[in-house]
Amino acid sequence: MPKHALRRVMTATAAAVGTLALGLTDATAHAAPATLDYVALGDSYSAGSGVLPVDLTNLLCLRSTANYPHVIAAATGAHLKDVTCGAAQTSDFAEPQYPGVAPQLDALGAGTDLVTLTIGGNDNNTFINAITACGTAGVLSGGKGSPCKDKHGTSFDDEIETNTYPALKAALSAVRAEAPGARVAALGYPWITPATADPSCFAKLPVAAGDVPYLRAIQAHLNDAVRRAAEETGATYVDFSAVSDGHDACAAPGTRWIEPLLFGSNLVPVHPNALGERRMAEHTMSVLGLS
């Protein structure tokens with residue numbers, strides 16, 4: 001083949017290879033997944049209150065940098081905006097919880113891809129009132145009977161159904177309005193108490209034997225309210241009722257996800273420990289198909 005003809009063939013081949021390489025590079029670039037714009041909302045179970053290390057950017061919210069939103073973000077490479085805050089109620093989505101702490105909904109926008117939240121337990125002070133009332137009654141009764149149930153009856157359940165459930169629906173609807181393109185995951189609360197009383201746990205969680213299932217039923221009702229609100233607003237409900245069974249505050253260290261009221265390892269009792277936050281993250285990613 002003459003030299004000039006060979007040069008033309010080589011030039012054409014090089015051009016074709018270059019075009020192919022450019023095409024592959026362009027296809028690879030288009031195939032690369034975009035970074036998730038992830039916003040974490042919610043209360044102390046979302047914030048990881050009591051788990052070290054503490055997020056020093058906002059001490060009022062007692063937020064941990066090892067909470068489940070941070071675990072999810074690290075595992076997925078998501079860009080995280082974490083506005084979770086200890087003691088948050090559904091009303092704090094639209095109103096400042098503390099001076100200098102913006103409404104949580106302010107963190108959302110049209111570009112938000114993923115939202116997670118745990119909320120509702122502080123509405124009506126359900127968690128704190130139920131735990132305090134039943135703990136006090138348990139101590140006074142020496143762990144016998146069901147003094148908390150006998151005194152309070154359906155009052156906690158009535159508040160959940162009358163007040164918390166509609167507030168959850170309104171809060172989740174507001175999240176959808178602020179972030180219309182986002183996938184929203186509403187997490188239930190992992191079990192705090194076992195299904196039946198564990199006598200060896202009374203020193204750590206001083207609830208009378210008959211009130212242990214009473215407290216668990218209240219929590220089940222709250223979780224069901226979260227589930228219904230999620231389903232009715234197009235959010236995904238992340239159910240912990242099966243995976244957290246046996247990991248309650250009465251389980252042994254290293255097994256429990258929730259720390260007991262007394263003699264626990266967390267700065268904040270009756271809240272998830274670091275293991276609990278990790279397991280909440282893992283189950284949420286599994287449900288959402290992110291793992």
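How many bridges join β1 to β2, and do the two strands run parallel or antiparallel? Four bridges join them, and the strands run parallel. The legends below take this pairing and other parts of the structure in turn.

The structure is a predicted model, in which local features need pLDDT of at least 70 and side-chain atom pairs count only at pLDDT 80 or more, while totals for chains, interfaces and linings use all residues. Residues are numbered from 1 along each chain as its sequence is written, and side-chain values use heavy atoms, with hydrogens and water left out.

**View 1. The whole chain has eight helices and five strands.** Helices (H or I, at least four residues) and strands (E, at least two) are DSSP runs, numbered from the N terminus. Read from the N terminus on, the order of elements is α-β-α-α-β-β-α-α-α-β-α-β-α. Of the 291 residues in the chain, 47% are buried. Buried means under 20% relative accessible area, exposed means over 50%, and partly exposed lies in between (1.4 Å probe, protein chains only). Among contacts between residues at least 6 apart in sequence, 71% join residues at least 24 apart. A contact means heavy atoms within 4.5 Å.

**View 2. Strand β1 (37-42) pairs with β2 and with β3.** Two strands pair if DSSP finds at least two bridges between them. Five of the six residues of β1 are buried, so the strand is mostly covered.

**View 3. Helix α3 (residues 68-76) has buried residues on one side.** The buried residues are Tyr-68, Pro-69, Ile-72 and Ala-73. They lie on the same side of α3 because they cover an arc of only 140° around the axis. The arc is that of the directions from the helix axis to the C-beta atoms. On the other side of α3, Ala-74 and Ala-75 are exposed. The buried residues of α3 pack against several elements, including β1, α2, β2 (79-82) and α8 (274-288). Just after α3, Gly-77 takes a positive phi of about 75°.

**View 4. Cys-85 and Gln-104 both lie in the loop between β2 and β3.** Cys-85 is buried, with a relative accessible area of 1%. Gln-104 also counts as buried, at 3% relative accessibility. With its neighbours within four places in sequence left aside, Gln-104 is in contact with Leu-41, Gly-42, Cys-85 and Phe-93, among others. Cys-85 and Ala-40 are 45 residues apart in sequence, and their C-alpha atoms are 9.9 Å apart in space.

**View 5. The largest pocket holds about 280 Å³ of space.** Rolling a probe the size of a water molecule over the atoms shows where empty space is left. On a 1 Å grid over the protein atoms alone, a pocket is an open set of points with protein on both sides within 12 Å along at least five of seven lines, whereas a cavity is a set of points where a 1.4 Å probe fits but cannot get out; lining residues have an atom within 4 Å of a point. Grid points are joined across faces, edges and corners, and a volume is the space filled by probe spheres set on the points. Of the 15 residues that line this pocket, Asn-122, Phe-127, Ile-128, Pro-269 and His-271 are the closest to its centre. Helix α4 (126-141) supplies the largest share of the lining, four residues. The lining divides into nine nonpolar, five polar and one charged residues. Here Ala, Val, Leu, Ile, Met, Phe, Trp, Tyr, Cys and Pro count as nonpolar, Asp, Glu, Lys and Arg as charged, and the others, Gly among them, as polar.

**View 6. One cavity of 30 Å³ or more is found in the whole structure.** The largest cavity has about 90 Å³ of space. Among the residues that line this cavity are Phe-127, Ile-131, Ile-192, Arg-216 and Leu-222. Helix α7 (211-232) gives the most to the lining, with five residues. By class, seven lining residues of the cavity are nonpolar, three are polar and one is charged.
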